[in-house]
Amino acid sequence: MKAKNRKRLRVLGKILFVLYIGFLFYFLIFSDWYGREGTGEYHYNLVLFCEIKRFWLYRDVLGWVAYANLFGNVLIFVPFGFFMPMASRYRSFFLTLFYSFGVSFFVECFQLVTRVGSFDVDDMLLNTLGGVIGYIVFAICNMIRRWHDAKQKR
């Protein structure tokens, strides 16, 4: 890929990443649709796999809410893991893992301090998993792009 096209792709990645971060923080912190009323008794979970197990065990009773919680926490961070290395020169799996966890930890701490939503270590695990999956998708797409570029040069 030519340097000019690579630069355009990186700029596009940065724009998409910034838009995604704006959406992510609005959705996770301020969205009324996600149960951000901030009233009543505050709940938090500090035991890893406790809420995941509960949602899985009661999935028949909870219906789509159980799946929305489990898979939604993963899916919401997949774009983070994809756009972060796309927008950056540093395309490290470990940086993506670290930043996925860090952003998720920040969101959970914000929810703890403001008592909006709930602090949940399972959410941090699922969000980080989503970031890792996004990175893997990015790495596969990047590998295909490089293979295609090499094929075009022949």
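Reply: About 10,200 Å² of accessible surface belongs to the protein chain, and carbon and sulfur atoms account for 69% of that area. The model is a predicted one. Of the chain's 154 residues, 36% count as buried. Along the principal axes, the C-alpha atoms fill a box of roughly 65 × 30 × 25 Å.

The secondary structure consists of seven helices and two strands. In sequence order these run α-β-α-α-α-α-α-β-α. Taking contacts between residues at least 6 apart in sequence, 72% join residues at least 24 apart.

Now the patch itself. Leu57, Tyr58, Val61, Leu62, Trp64 and Val65 make a nonpolar surface patch of about 650 Å². Two helices, α3 (59-62) and α4 (64-75), each supply at least two of the patch residues. Is Val61 buried or exposed? Its relative accessibility is 69%, and because exposed means over 50%, Val61 counts as exposed.

The charged side chains complete the account of the chain. There are 19 positive and 10 negative side chains in the protein chain.

To return to the part in question, the patch is built from Leu57, Tyr58, Val61, Leu62, Trp64 and Val65, with α3 and α4 each supplying at least two of its residues.

How values were computed: Residues numbered from 1 in each chain as written. Predicted model: local features only at pLDDT ≥ 70, side-chain atom pairs only at ≥ 80, totals over all residues. Heavy atoms only, no water. Patch = residues over 30% accessible without salt bridge, like charges linked within 9 Å, V, L, I, M, F, W, Y side chains within 5 Å. Areas by Shrake-Rupley, 256 points an atom, 1.4 Å probe, with all protein chains shown as cover. Salt bridge = Lys/Arg side-chain N within 4 Å of Asp/Glu carboxyl O. Helix = DSSP H or I, 4+ residues; strand = E, 2+ residues; numbered from the N terminus. Buried < 20%, exposed > 50% of the residue type's maximum accessible area, 1.4 Å probe, protein only. Contact = heavy atoms within 4.5 Å. Lys, Arg positive; Asp, Glu negative; His and termini not counted. Charge placed at Lys NZ, Arg CZ, Asp CG, Glu CD.
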